[in-house]
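Dear colleague,

I am handing over the structure we spoke about, and I would be grateful if you could read the notes below beside it.

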Amino acid sequence: MANAASQRGTPNNTVYSPLTTAMEDVNNKTAAAALGANASGGVEGGRKLFQYLGAMAACLFAVCMGTTMGWTSAAERIVCAAINCTEGDQALYISKGDYSWVGAAMPLGATIAALPAGPAITRWGRKNMLLFLSPVTFLFWLLIIFARASWMMILARFVIGASIGTISMIAPLYTSEIAHPSVRGTLGGFFQFLHTCGVLGAYCLGAVIADLVWISTICACVPLLAGVCFFFFPETPSWLLQQNREDDARRSLIRFRGDDYPEALLQEELDSIKRSIKESRENQKTLREAFSTKAAKRGLMLSMVLMLIQQMSGVSAVVFYASSIFEAAGSSLSKDQSSIVVGVCLAGATLCSLFLVDRLGRRVLLLGSGAACFVCNVVLGIYLLLLAQAKDDGHPESMTPYGIIPVLTMSVFMVTFSLGYGPIPWSYMAEVFPVDIRSPAMSIATVTNWSLAFLVTVAYEPLSNAVHDYTTFWIFAVIVLAGSVVVALFLVETKGKSEQEIQEALSGARPGSARNNV
């Protein structure tokens, strides 16, 4: 082991058979026992500090996503106050109807960009694409800052949405590809955690700053900061091996695992990735053929179900229109205070999920999250029904003592949502697809997510007006319940499993059978 570092410049050309694989497993266990645990996280997965930092840097782009979504609620009061301004005024001229498209333009842009983003990520790499999107996002935030007409703001939000939609694919993918299976769930939760931090930051800006230009200026700085921090981290070993850059892939993996990571374990990881790439190249298929396998179909189905529940739980409506929901519910808190409560619950609960996902597993957290979100939607619907009846009777003040109910209900909703259906769909999506279809499959799942976000954003107010707020939340409750039944019956647990083990579980193959046939 003392010479492990010096041996890393020589590629390993071992031909694998069941006998050599078994001998290597024995050697790996011996090496792990000899090294024991260290202060940086133990031999399993190597030194994890650089993995944590790399995931954090990539997921800083999720803060951009959060500030972009939370900005809608933060800016609503300011923009709508300027509705009566003329175009010649210095203030922004925008109609109430146009402002609804300001909110919807972001998920629409994300939906349209997600499909072509897959091939671009495959060709140009995860790191290069994120670094490209940093200045693009910044430039169109500048257009929002200097906007003097509604079309300028809608255009800027659309392009920023396209950038955000691509980021929502790349950041979880980058994190999954650099993480050891022992911490993959925790690192995968970084994306949603930093996303919620961005939402909370935007809510706070809206509460303390009355100038939309300054709010937008602060939001514009986020993608630049993310780009600078991420610049110092390498490309993922998986993408480098896809480009036949084996030496670069080895150096990248050493940086993420540490210089003292056992050579046998390092080579095993590299060889596992190479075997997956080799198999995909030897079995070139059309996109339709690639999705014909049981594992691919099941992985795509599960990813899309999780994305469906994530968006149709009503969370997008809450994030975009938090202030309006609390005001309509007659909450005793101010609109800004209510929004900040939601943001704190989002961020705090998502932080807790980072410490639970690799302990409890994905299934337990998703089922608990689904049950709680179902109950919260039902309770909020009942409250809104009673409030509507009180208004019809001419005594809306009778519900004033109960104004804390929507705040508590939505806070519990956000806490439980952030423990399960908030972070896990993004990380699960990056875990269940094999390398040969990962980019197109993630594109399809991401399109599903953002299409539903756009639908909920556009349809929430018209639907609420047509069938009342309480019916809308009951619809969300039914969708969460139905989706959770699918999760309970069909979800494949990915906790602590390698890519190969996950594919075996999805296909129903006997564990280890694929490896033994290599």
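What follows is a summary of what was found, beginning with the chain as a whole and then turning to individual sites.

Please keep in mind that this is a predicted model, in which local features need pLDDT of at least 70 and side-chain atom pairs count only at pLDDT 80 or more, while totals for chains, interfaces and linings use all residues. Residues are numbered from 1 along each chain as its sequence is written, and side-chain values use heavy atoms, with hydrogens and water left out.

**The chain as a whole**

The chain has 22 helices and zero strands, where helices (H or I, at least four residues) and strands (E, at least two) are DSSP runs numbered from the N terminus. Of its 518 residues, 55% are buried; here buried means under 20% relative accessible area, exposed means over 50%, and partly exposed lies in between, with a 1.4 Å probe and protein chains only. The accessible surface comes to about 21100 Å², and 66% of that belongs to carbon and sulfur atoms; accessible areas come from the Shrake-Rupley method with a 1.4 Å probe, and for residues only the protein chains shown count as cover. Among contacts (heavy atoms within 4.5 Å) between residues at least 6 apart in sequence, 82% join residues at least 24 apart.

**Salt bridges**

A search of the whole structure finds nine salt bridges, each being a side-chain nitrogen of Lys or Arg within 4 Å of a carboxyl oxygen of Asp or Glu. In one of them, the side chains of arginine 362 and glutamate 431 meet at 2.6 Å, N to O. This pair links distant parts of the chain, since arginine 362 belongs to helix H16 (residues 362-392) and glutamate 431 to helix H18 (residues 424-431), 69 residues apart. Arginine 362 is buried, with a relative accessible area of 1%, and glutamate 431 also counts as buried, at 3%. Salt bridges with shared partners join Arg184, Arg362 and Glu431 into one network.

Glutamate 246 and lysine 274 form another salt bridge, at 3.0 Å from N to O. Glutamate 246 lies in helix H10 (residues 246-257) and lysine 274 in helix H11 (residues 263-282), so the pair ties together parts that are 28 residues apart in sequence. Glutamate 246 is partly exposed, with a relative accessible area of 27%, and lysine 274 is partly exposed at 22%.

Within helix H10, arginine 251 and aspartate 248 lie three residues apart, about one turn of the helix, and they form a salt bridge whose closest N and O atoms are 2.4 Å apart. Aspartate 248 is partly exposed, at 27% relative accessibility.

Arginine 438 is found in helix H19 (residues 438-467) and is buried, with a relative accessible area of 5%. Leaving aside its neighbours within four places in sequence, arginine 438 is in contact with Leu173, Glu177, Ala430, Phe433 and Glu499.

Serine 313, in helix H13 (residues 294-320), is buried at a relative accessible area of 1%. Not counting residues up to four places away in sequence, serine 313 touches Leu308, Asn377, Phe413, Phe417, Phe476 and Val480. The C-alpha atoms of serine 313 and tyrosine 421, which are 108 residues apart along the chain, are separated by 8.9 Å.

**Helix H4 and the cysteines**

Helix H4 (residues 126-145) has 20 residues and reaches 29 Å from its first C-alpha to its last, close to the 28 Å expected at 1.5 Å a residue, the expected span being 1.5 Å times one less than the number of residues. Its buried residues include Leu130, Leu133, Trp141 and Ile144, as well as the charged Arg126 and Lys127.

The count of disulfides, meaning pairs of cysteine sulfur atoms within 2.5 Å, comes to zero. Cysteine 219 is in no disulfide, and the nearest cysteine sulfur, that of cysteine 221, is 9.1 Å away. Cysteine 219 counts as buried, at 1% relative accessibility.
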